Amino acid sequence: MSIYDFKVKTNKGVETTIGEYQGKVLLIVNTATGCGFTPQYEGLENMYRKFNERGFEILDFPCNQFAFQAPGDDAKIDSFCTLKYNTTFPRFTKIKVNGSDADPLYKYLKEQTDGKRIKWNFTKFLIDREGNIVGRFAPSDTPQAIEAKVEVLL
């Protein structure tokens, strides 16, 4: 199975697949609106605007599993992100990233890297244009700290 085979739902409830982004460099991130790392939305958006025209996408998956830091429905989360941080990258429906009911995409991402559970919000997975996971980054790894790795893949 390839990363491109996974079905996901946009924050508007439309089912699609990661295959929609095939051929692009991807940064897949589980996020939260009330987390100490939430200001990373600004750095993510800056990176997205800098590299998007060159084939870069950020896929944002809100997650409420960590201290309930992503309250509200998908519309409320989207409104917060667009109004406070002016985000323009794709956002998907809220998911779980750990446990038996973790989203299949996240089960795959963990299995293909170190197999460890997601520790907190803003864990990032970097995917090359061929769909290979080339990096897993901790929440404390800022967008600025991984920007050079993204640029190399572009």
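Trainee: Which strands form the open sheet, and in what order?

Mentor: Strands here are DSSP runs of E, at least two residues long, and helices are runs of H or I, at least four, numbered from the N terminus. Two strands pair if DSSP finds at least two bridges between them. In this case four strands make an open sheet with mixed pairing, in the order β4-β3-β5-β6. At the edges are β4 (56-62) and β6 (133-137), each of which pairs on one side only. From one strand to the next the twist averages 15°, where axes are lines fitted to C-alpha atoms, for helices over the stretch in contact, and angles run from 0 to 180 degrees between N-to-C directions.

This is a predicted model, in which local features need pLDDT of at least 70 and side-chain atom pairs pLDDT 80 or more, while totals for chains, interfaces and linings use all residues. Residues are numbered from 1 along each chain as its sequence is written, and side-chain values use heavy atoms, with hydrogens and water left out.

Trainee: In which sense do β3 and β4 pair?

Mentor: Strand β3 (residues 25-31) runs parallel to β4, and seven bridges join the pair. Val29 has Asp60 of β4 opposite it.

Trainee: Is Asn30 buried or exposed?

Mentor: Buried means under 20% relative accessible area, exposed over 50%, and partly exposed in between, with a 1.4 Å probe and protein chains only. Asn30, which lies in β3, is buried at 0%. A polar contact is a pair of N or O atoms within 3.5 Å; within protein, one must be able to donate a hydrogen and the other to accept it, and residues adjacent in sequence count only if both atoms are side-chain atoms. The Asn30 side chain reaches the backbone oxygen of Trp120 at 3.3 Å.

Trainee: Which residues of helix α4 are buried?

Mentor: In α4 (residues 143-153) they are Pro143, Ile146, Glu147 and Val150. Viewed down the helix axis, the buried residues of α4 fall within an arc of 140°, so they line one face; the arc is that of the directions from the axis to the C-beta atoms. Ala148 and Val152 are exposed on the face turned away from the buried side. Contact means heavy atoms within 4.5 Å. The buried residues of α4 pack against β3, α1 (40-51), β4, β5 (124-127) and β6.

Trainee: Where is Pro139?

Mentor: Pro139 sits in the loop between β6 and α4 and is buried, at 9% relative accessibility. Pro139 and Trp120 are 19 residues apart in sequence, and their C-alpha atoms are 6.5 Å apart.
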